[in-house]
Amino acid sequence: MHLLAEAFIAELPHYYRGKVRDNYDLADGRRIIIASDRLSAFDRNLAVIPDKGRVLTQTARYWFEKTADICPNHVLSYPDPNVVIGKRLDILPVEIVVRAYLAGSTGTSLLTLYKKGARHLYGLHLPDGLRDNEILPHPVITPTSKAFDGGHDEPLSPSDILESKLLTAAQWETVSAYALALFARGQALAAERGLILVDTKYEFGVDEAGTIILADEIHTPDSSRYWIAGSYPARFEQGQRPESFDKDFVRAWVSERCDPYHDEIPPIPADLIEATAGVYRHAFESITGMPLAPISPDTDILERIRSNLAAYFP
Ligand SMILES: Nc1ncnc2c1ncn2[C@@H]1O[C@H](COP(=O)(O)OP(=O)(O)OP(=O)(O)O)[C@@H](O)[C@H]1O
Ligand SMILES: [Mg+2]
């Protein structure tokens, strides 16, 4: 089976291993970002999912191209299906999350906080009586601190961001406007494909001139929640969870069997891995309307990447 568990390439300089991406910073200011097939949750690597890295890179590529008129992005080239070469930026310490619905299950999700009784959060005021997965009056930005090196994100309000000088007022205004415009484009194109873009996370960085540039990934299944538009109204009315690209069954399977933060993760059955791969492939095709190119099962992905990146070896 073709898999990319990690993309360590000894010839490339300044290696940084993210949860999902293996990164290299070249001396000329470019960053090589290789999306692996790692599935990360509970601060660890749960499994390796065939095609996941390629799907992430190609989904982000679709969206970078569809939004290039809205704001500058880091993309310089795509030398391999799993790889983007970007302009290396100083990533701003705030993740710009945009949400259009009262949804989510993590500690920083609007729904989680709302259910605990919070009505004033992220500098917003939410009315009483909203229901699970209900549409908000308009999309809102719920920024979180970017936890570098695997730390945990914390909710922030705009005044927290300015008072603790995480961003200047001008930077906050720019990233807010960019994020809402990117999200509106995402929602409009998703709607044409029968999807709802529910929420997403953007990372922005600044270049040496101080210009704010969209970095990392955009509107991928890892950074975004999508629902199926057709079934949403009836399911919402009946209080059922909206249909989505559900990748959470591996998480659920693991957390039913152990303490996922501390115990050894039991081996995940092959059919769960293959089902997850199917969800990612299907997500790519649904979101972009394009077929995912077939790939031979005996492809050595790391070898292919090495040869596609050989020109970048110092
Ligand atoms: N153009 C860019 N310049 C510099 N850094 C970037 C750029 N685009 C993305 N990054 C950073 O590269 C890393 C990508 O790796 P990955 O997405 O696996 O990391 P992560 O585990 O999500 O995040 P982190 O390691 O920051 O906690 C992230 O740290 C991201 O912020
Ligand atoms: Mg990331």
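Predicted model: local features only at pLDDT ≥ 70, side-chain atom pairs only at ≥ 80, totals over all residues.
Across which strands does helix α1 (residues 52–66) lie?

View 1. Helix α1 lies across β2, β3, β6 and β7 (83–87). Relative to β6, the helix runs at about 145°. Helix α8 (residues 301–309) also packs on the sheet, where it touches β3, β6 and β7. The direction of α8 makes about 125° with that of β6.

**View 2. Strand order in the open sheet.** The sheet is built from 5 strands in the order β1-β2-β3-β7-β6, with antiparallel pairing. Because β1 (15–17) and β6 (75–80) stand at the edges and each has a single partner strand, one side of each is left without a neighbour in the sheet. From one strand to the next, the twist averages 20°.

**View 3. Pairing of β2 with β3.** Strand β2 (residues 21–25) and strand β3 (residues 30–35) run antiparallel and are joined by 5 bridges. Within this pairing, N23 has I33 in β3 as its bridge partner.

**View 4. Packing of α1 on α7.** The axes of α1 and helix α7 (residues 270–288) are 9 Å apart, and the two helices pack at an angle of about 15°. The angle is under 35 degrees, so α1 is roughly parallel to α7. The crossing of α1 past α7 is left-handed.

**View 5. Residues at the α1–α7 contact.** From α1, the residues K52, V55, L56, Q58, T59, Y62 and W63 take part. They meet Y280, R281, F284, I287 and T288 of α7. Sorted by class, this contact of α1 with α7 comprises 7 nonpolar, 3 polar and 2 charged residues.

Terms used:
Residues numbered from 1 in each chain as written. Chains lettered and ligands numbered in written order. Heavy atoms only, no water. Pairing = 2+ DSSP bridges. Helix = DSSP H or I, 4+ residues; strand = E, 2+ residues; numbered from the N terminus. Axes fitted to C-alpha atoms, helices over the stretch in contact; angles between N-to-C directions. Contact = heavy atoms within 4.5 Å. Parallel < 35°, antiparallel > 145°, perpendicular 65-115°, else oblique. Left-handed = near helix turned anticlockwise from the far one by under 90°. Nonpolar A, V, L, I, M, F, W, Y, C, P; charged D, E, K, R; others polar.
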